[in-house]
Amino acid sequence: MTESAERVAVACPSCSPSLETVHEVLTTGGGHATIRCTDCGHTHKQQLESTTEYERDVVVSQDGESFTATADVPEGEQLAVGEEFLLDTEEAIVTARITSLELDGERRVEETTAEEVGTIWTRAVGNVSVNLTLHPKDGTHDETESMTVQVPGDYEFVVGETDELGGEEFTVEGIHIRDDAVGYEYDKLDFDGDSAFAKDINRLYARDESSSAWSAW
C-alpha cells in the first residue's frame with residue numbers, strides 16, 4: 001500500500017544530483033510537477049511517472065465492530081495477509097493489518113495483486129484491546145478472572161515481567177499469539193524473556209499481583 005503522493009523521491013539538481021532525496025509536490029499539471037527538496041529547499045520542475053491505481057474496499061475490524069473505507073492500491077502491488085498500512089478514513093488515519101484478501105466470487109486468499117483483489121479485510125492495530133486471564137497470586141488456577149486492557153499496538157509484553165495496566169498489577173506467564181501475526185516461531189510463548197507486541201496477542205495469561213485474596217475483586 002502506498003502513502004500520499006504529496007512526497008516523491010527524485011534527484012535534486014542543487015544538493016544531490018546523483019542520489020534521490022525526498023521532495024514535496026507543490027503543483028501538478030502540464031505534464032510536469034513543481035517540487036521542493038526537503039533537504040535543501042530547492043524548487044524545480046520534474047516530470048513524474050504516472051501510476052495507475054485501483055480503488056478497493058477495505059473492511060476494518062476494531063474491538064468487535066467494523067467499518068468500511070476505500071484505499072487506492074498501485075497497479076502491480078503485491079498484497080499479503082499480515083502486512084500493515086496506513087488507511088486514511090474520514091474519522092482518522094488508522095494503522096491496519098491485512099487479515100484476509102477477497103477476490104471476485106468471495107474467494108479468500110493469503111496473497112494477491114492490486115488488480116485481482118476485490119475487498120481487503122483488516123484489523124486496526126494502532127491501539128488494541130488485549131484479552132487477559134488472571135489467576136490468584138497464591139498460584140492456584142481453579143479460579144480465574146478475565147478482562148481486557150487497552151494499550152498501543154506496539155506495547156511489548158514479556159513473559160516473567162510485571163505490568164501495571166488498567167488498575168491491575170500482574171506478571172505475565174504465557175502469551176497466545178494471533179493467527180494473523182508474523183515473525184513468531186510458536187503460537188504459545190511461556191518461557192521467561194519471550195515477548196510479543198500487543199497487536200500480535202490473542203490472549204495473555206498472568207498472575208495477579210494486586211492482591212493475594214480473590215475477595216478483593
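Me: What makes β2 and β3 a pair of strands?

Reply: In this predicted model, β2 and β3 run antiparallel and are joined by 4 bridges. Two strands count as paired if at least two bridges are found between them, so the term applies to β2 and β3.

Me: What is the order of the strands in the open sheet, and why are β1 and β4 said to stand at its edges?

Reply: The open sheet has 4 strands in the order β1-β2-β3-β4, with antiparallel pairing. Both β1 (7-12) and β4 (43-46) have a single partner strand, so one side of each lacks a neighbour in the sheet. On average, neighbouring strands of this sheet are turned by 50° against each other, direction ignored.

Me: How many bridges connect β1 with β2?

Reply: There are 6 bridges between β1 and β2 (residues 16-27), and the pairing is antiparallel. Within it, Val10 stands opposite Thr21 in β2.

Me: Why is Ser16 called buried?

Reply: Ser16, which belongs to strand β2, has a relative accessible area of 10%. Buried means under 20%, so Ser16 is buried.

Me: What does the side chain of Ser16 reach?

Reply: It reaches the backbone oxygen of Leu19 at 2.7 Å; a polar contact requires a distance within 3.5 Å. Leaving aside neighbours within four places in sequence, Ser16 is in contact with Ala11 and Thr21.

Me: What makes strand β12 largely enclosed?

Reply: Of the 8 residues in β12 (residues 117-124), 6 are buried, so the strand is largely enclosed by the rest of the structure.

Me: In which sense does β12 pair with β5, and in which sense with β9?

Reply: With β5 (residues 53-62) the pairing is parallel, over 5 bridges. With β9 (residues 93-103) the pairing is antiparallel, over 7 bridges. Trp121 in β12 is the bridge partner of Val59, and Ile120 in β12 is that of Leu101.

Me: Why is Tyr205 called partly exposed?

Reply: Tyr205 lies in strand β20 (residues 201-208) and has a relative accessibility of 33%. Buried is under 20% and exposed is over 50%; the value for Tyr205 falls in between, so it counts as partly exposed.

Me: How do you know that Lys188 lies over the face of Tyr205?

Reply: Lys188 is 5.0 Å from the ring centre of Tyr205, and the distance must be within 6 Å. The rule also asks for a position within 35 degrees of the ring normal. Lys188 is recorded as lying over the face of Tyr205.

Me: Which residues does Tyr205 touch?

Reply: Not counting residues up to four places away in sequence, Tyr205 touches Thr133, Thr171, Val172, Glu173, Gly174, His176 and Lys188.

How values were computed. Residues are numbered from 1 along each chain as its sequence is written. This is a predicted model: local features need pLDDT of at least 70, side-chain atom pairs count only at pLDDT 80 or more; totals for chains, interfaces and linings use all residues. Side-chain values use heavy atoms; hydrogens and water are left out. Buried means under 20% relative accessible area, exposed over 50%, partly exposed in between (1.4 Å probe, protein chains only). Helices (H or I, at least four residues) and strands (E, at least two) are DSSP runs, numbered from the N terminus. Axes are lines fitted to C-alpha atoms, for helices over the stretch in contact, and angles run from 0 to 180 degrees between N-to-C directions. A polar contact is a pair of N or O atoms within 3.5 Å; within protein, one must be able to donate a hydrogen and the other to accept it, and residues adjacent in sequence count only if both atoms are side-chain atoms. Contact means heavy atoms within 4.5 Å.
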